[in-house]
Amino acid sequence: MRLTQGTFSFLPDLSDDQIYRQVQYCIDNGWAVSLEYTDDPHPRNTYWEMWNRPMFDNPDAQALIEELKEARAQLATYYIRVVAFDNSHGWEAPRLSFIAHRPAEEPGFRLERTETEKRRQQYTLQPYASAHPPGQRYR
Amino acid sequence: MEGSSNQPLSTKERYKEGVLNYRDMGFWRPDYDPADTDILAVFRITPQDGVDPIEAAAAVAGESSTATWTVVWTDRLTAYDKYRGKAYHVEQVPGTQDQWFAYIAYDLDLFEPGSITNVTASIIGNVFGFKPLKGLRLEDMRFPVAYVKTFNGPATGIVVERERLDKFGRPLLGATVKPKLGLSGRNYGRVVYEALKGGLDFTKDDENINSQPFMHWRDRFLYCMEAVNKAEAATGEVKGTYLNVTAPDIEQMYERAEFAKELGSPIVMVDLVVGYTGIQSLANWCRRNNMILHLHRAGHSTYTRQKTHGVSFRVIVKWMRLIGVDHIHAGTVVGKLEGDPMTTAGYYDVCREEHNPRNLEKGLFFDQDWASLNRTFPVASGGIHAGQMHQLLHYLGEDTILQFGGGTIGHPMGIEAGATANRVALEAMILARNEGRDTWNEGPEILREAAKWCTPLQKALDTWGDVTFDYASTDSPDYVTTPTTA
């Protein structure tokens, strides 16, 4: 399966040039860009690990691309996403978030059903990979 | 009743038994400077032949506040000047012979705090049947911050909904399950599963899906949540379906909403036809239970569409943001339903902005400060398809929900492919826009480029690429010529 979280997951994987242009768009809007990574892609895993602090005063997308190259080298078997934060009043939240790197194999999720009363099911979603400890989940 | 002037009557003359002109009873106040705490309204009035527009405006002010048809002495037991609606400005509607805009100010104490129901009982109450008028339309209202702060507003709002769903930087995508009537629960859930797995964020019950012989509401909720959970497992994304809890009475609405919550749905929906009190009760319930509330505007066109009588939809949007809906259907511009571009832009501004400056070209007659009330997601639904993606993004922007019902389910390769076509078209367009491309002019080319590697998108463009709904709008701004839609 292909994890389709993030803004551009239905497109072919973005090249570094394409990522650069998206990051520069964020910076030009005054948003702080950062990288986050995880090997637990559960859709409600909100807090991916922070690779760095958001770049608040950086005018050039190339700085993030360099960080991304370094992160990929160290975290080839992880998901890495770009997150852009907007601090303007009334937002103060991410404005763009997209996956910039993903593991070669994505086994997907197990849906477990527990039958309860009146035909109702309790659903639990588990990434197949999370059966292993962090750091040993993807190849 | 002749001999009206702008000079106020003496108290003795004013309270003599009998019938006076409304303008002589204190409802026409051209010298009045509205207070920051007043609620303001602008009406389009079409007086009967021979009725003076100023007298008509004063009558509207009177009938929507304290007046009755004759002088009553009991007025004098009250601080009557405070409670009178005050018509303070009348001007002819541009390009018309028989219509006037009447601006009226109402003291804040005329209204119960936090009650749109009470506001409407006055402002669109008896006055709309008043005989001296051929027609009356409530065009816009200004709510002072003091009154805005008596409402909770949307429980979730655009920003928190995006955080909860983990979806940023693009419009959300939905589809209304079709056919809207007749599917069994089991078949209905099939449509939900296919559409969500294919790439939509949401599916939606239609407005008239409640609990009919062909599908009981519990059955629908159970099958829909099976579909939502399966689609989440297939994609790793948060998904949802708007479960319509509209019911014959409020107790049953609560029962259905509770069941939706227990099943793990992040969202419920309700129809405008349940009324202001019903919607606000459900909005409060959603606030208590961390649920998103989707509003379908079923019924609104019976009173919003014609320009000479009724209520402008922009007023309905203001009421609904105060009441606290998280989503509201607000038009598509390019789809099958009524929607002039500038007028629709006005509705979207009311949903999404912190402050609306007066902008007559968009039909916004007043400055409106929203005092940090959450933003409402405008929903575009009705006759839209992937081939219009650049136009939809241009007119409606990024913070909107695009609902492709027929444009998903009618896809020649199936529902999942229809959903994928829409998602790919959207992501390709956002990517191009962010890269600085001119999506308005290059849109069709951007879609064709993506269709080279996405067969479902190619099929969608082949099937619907030429479909447009190009009819003149019945509700367009009065202050500029109407731009065309395509």
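This is a predicted model: local features need pLDDT of at least 70, side-chain atom pairs count only at pLDDT 80 or more; totals for chains, interfaces and linings use all residues.
I looked up the UniProt record, an unreviewed entry, which places the feature "active site" at K178(B) and H296(B).

I located K178(B) in the loop between β5 (172-176) and α7 (185-198) of chain B. I read its relative accessibility as 28%, so K178(B) counts as partly exposed. Leaving out residues up to four places away in sequence, I found that K178(B) touches L183(B), V191(B), D206(B), G405(B), G406(B) and I409(B).

I then turned to H296(B), which lies in strand β9 (residues 292-296) of chain B. H296(B) has 12% relative accessibility and counts as buried, because the cut-off for buried is under 20%. I noted a polar contact of 3.3 Å between the side chains of H296(B) and E207(B).

**Aromatic rings.** I searched the whole structure and got 27 aromatic pairs over all chains. One of them is Y37(A) with W51(A), edge-to-face, at 6.4 Å centre to centre and 75° between the planes. I placed Y37(A) in strand β1 (residues 32-38) and W51(A) in the loop between β2 (49-50) and α2 (61-74), 14 residues apart in chain A. W51(A) is partly exposed at 21%.

I also checked F143(B) and Y147(B): the centres are 6.2 Å apart and the planes at 25°, so this pair is stacked. F143(B) is buried at 1%, and Y147(B) is buried at 2%.

I traced a cluster linked by ring pairs through Y88(B), F101(B), Y103(B), F365(B), F366(B) and Y479(B).

**Charges over rings.** I found the charged end of R95(A) over the ring of W91(A), 4.0 Å from its centre. In chain B, the charged end of R14(B) sits over the ring of Y15(B), at 4.5 Å from its centre.

Note on methods. Residues are numbered from 1 along each chain as its sequence is written. Chains are lettered from A and ligands numbered from 1 in the order in which they are written. Side-chain values use heavy atoms; hydrogens and water are left out. UniProt positions are given in the numbering used here, feature names are shortened, and annotations may be inferred rather than shown by experiment. Helices (H or I, at least four residues) and strands (E, at least two) are DSSP runs, numbered from the N terminus. Buried means under 20% relative accessible area, exposed over 50%, partly exposed in between (1.4 Å probe, protein chains only). Contact means heavy atoms within 4.5 Å. A polar contact is a pair of N or O atoms within 3.5 Å; within protein, one must be able to donate a hydrogen and the other to accept it, and residues adjacent in sequence count only if both atoms are side-chain atoms. Rings of Phe, Tyr and Trp (its six-membered ring) pair if their centres lie within 6.5 Å; planes under 30 degrees apart count as stacked, over 60 as edge-to-face and the rest as tilted. A charge sits over a ring if NZ of Lys or CZ of Arg is within 6 Å of the ring centre and within 35 degrees of the ring normal.
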